[in-house]
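This briefing summarises selected features of one model, grouped by topic. Please consult the sequence and the structure shown below while reading.

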Amino acid sequence: MVAPLQGLTEAAWRSEHFRLFGEGQGDVEYFTPFIRVEKGEVRARDLRDFTSELNRGMRLTPQIIFRDAEEWRMLVDKLAEAGAKRIDMNMGCPFPPQVRKGRGAGLLAQPEIITEIAELTEQYADSIEFSVKMRLGVKEANEALGLVDVLNSMPLRHVAIHPRTASQQYKGKLLLDEMNAFASKLRHPVIYNGEVSIPDEIAGLSAAYAGVMVGRGLLSRPSLFAEYRAGSELSVEERERCWLELIKGTASVLEMRLCGAAQLRDKMKPYWEYVPEGMDKRFVKMGKKGAHGCVLLGFM
């Protein structure tokens, strides 16, 4: 599974990753960056990312982030109108502004709201399959244990777990013992998410869990799933070429949809934080400074 990352794994990137590494592979599922309510309405650009023609052919599941049952219902109804048959519920985003507002991982400290959501999922279960992406807690890793019963009451496809707390963000020790203690009590399939970067890790995790979800690891090594399937690793040079081809393709798609070089530069800039290890530093420096448009497109 391809984890959602705000501003990165959107339709342009997904379409190119699918074209290069996912097409014809029925085991790849993509998730949209979370769709949210803003100023009392479902944010239009989030919805456009889910309904984009660029998603054609791929297995795509929209992810929602919400603070209460009202937002949840608004999002689910709008996505159902747009044709969604599966919806992933974000209970793991560690971004402090979201957590403080009770969204993402902030929901883990509000079992009464999750209980209300559980009752709602039953009402929609005939038409929509739900799943959850979560962390072990906001500050303490044992917080998730208090949610076992309510999660087990939901009709879920799976529960994807990042083995950290929200306060850890994306740093610090992976709390694998705590995750496994929690996972052992769930009746749903458990998907592992977090710090996966090489094919051998996927092999080991696939034996222990129902599936593997990768986010940042795919941004820097987009061939990761293909290497795992093939049972052999690409050379450093081959992985670098794969990354460049994906970035080139993403830039090409965006160039047709954005207004001018400045917008393209700003949109592409975050990808340069995920360059493959060992890439020519001069090229990386040029990319980070904004040489994303015509210069990048002429590089390969």
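Which residue has its backbone nitrogen 2.7 Å from a polar atom of the side chain of Glu143? That residue is Glu140; a polar contact is a pair of N or O atoms within 3.5 Å, where within protein one must be able to donate a hydrogen and the other to accept it, and residues adjacent in sequence count only if both atoms are side-chain atoms. The model is predicted: local features need pLDDT of at least 70 and side-chain atom pairs count only at pLDDT 80 or more, whereas totals for chains, interfaces and linings use all residues. Residues are numbered from 1 along each chain as its sequence is written, and side-chain values use heavy atoms, with hydrogens and water left out.

- Glu143 is found in the loop between E7 and helix H6 (148-153); helices (H or I, at least four residues) and strands (E, at least two) are DSSP runs numbered from the N terminus.
- Glu143 counts as partly exposed at 22% relative accessibility, on a scale where buried means under 20% relative accessible area, exposed over 50%, and partly exposed in between (1.4 Å probe, protein chains only).
- Leaving aside neighbours within four places in sequence, Glu143 is in contact (heavy atoms within 4.5 Å) with Leu136, Gly137 and Val138.
- From C-alpha to C-alpha, Glu143 and Ser15 are 37 Å apart in space, and 128 residues separate them in sequence.

**Sheet**

- An open sheet is formed by 6 strands in the order E5-E6-E7-E8-E9-E10, with parallel pairing; two strands pair if DSSP finds at least two bridges between them.
- Strand E5 (63-64) and strand E10 (211-213) each have a single partner strand, so one side of each is left without a neighbour in the sheet.
- Strand E6 (residues 86-91) and strand E7 (residues 129-135) run parallel and are joined by 6 bridges.
- Met91 has Met134 as its bridge partner in E7.

**Nonpolar cores**

- The largest nonpolar core has 84 residues; such a core is a set of buried Ala, Val, Leu, Ile, Met, Phe, Trp, Tyr and Cys residues joined through side-chain atoms within 4.5 Å.
- Helix H11 (residues 236-255) gives the most to this core, contributing 7 residues.
- Trp72, Met89, Met134 and Ile161 have the most contacts inside the largest core.
- Beyond its neighbours within four places in sequence, Met89 is in contact with residues including Ile64, Trp72, Phe130 and Leu156.
- A second, separate core of 6 residues includes Ala3, Phe31, Ala160 and Ile191.

**Positive phi angles**

- Lys39, although not a glycine, has a positive phi of about 55 degrees; Lys39 lies in the loop between strand E2 (37-38) and strand E3 (41-42) and is exposed at 84% relative accessible area.
- Gln169 is not a glycine either, and has a positive phi of about 55 degrees; Gln169 lies in the loop between strand E8 (156-162) and helix H7 (176-183) and counts as partly exposed at 28%.

**Salt bridges**

- The whole structure contains 18 salt bridges, each a side-chain nitrogen of Lys or Arg within 4 Å of a carboxyl oxygen of Asp or Glu.
- Arg19 and Glu16 meet in a salt bridge (2.6 Å, N to O); both lie in helix H1 (residues 11-22), 3 residues apart, about one turn of the helix.
- Arg221 and Glu233 form a salt bridge (3.0 Å, N to O).
- Arg221 lies in the loop between helix H9 (216-220) and helix H10 (224-230) and Glu233 in the loop between H10 and H11, so the pair ties together parts 12 residues apart in sequence.
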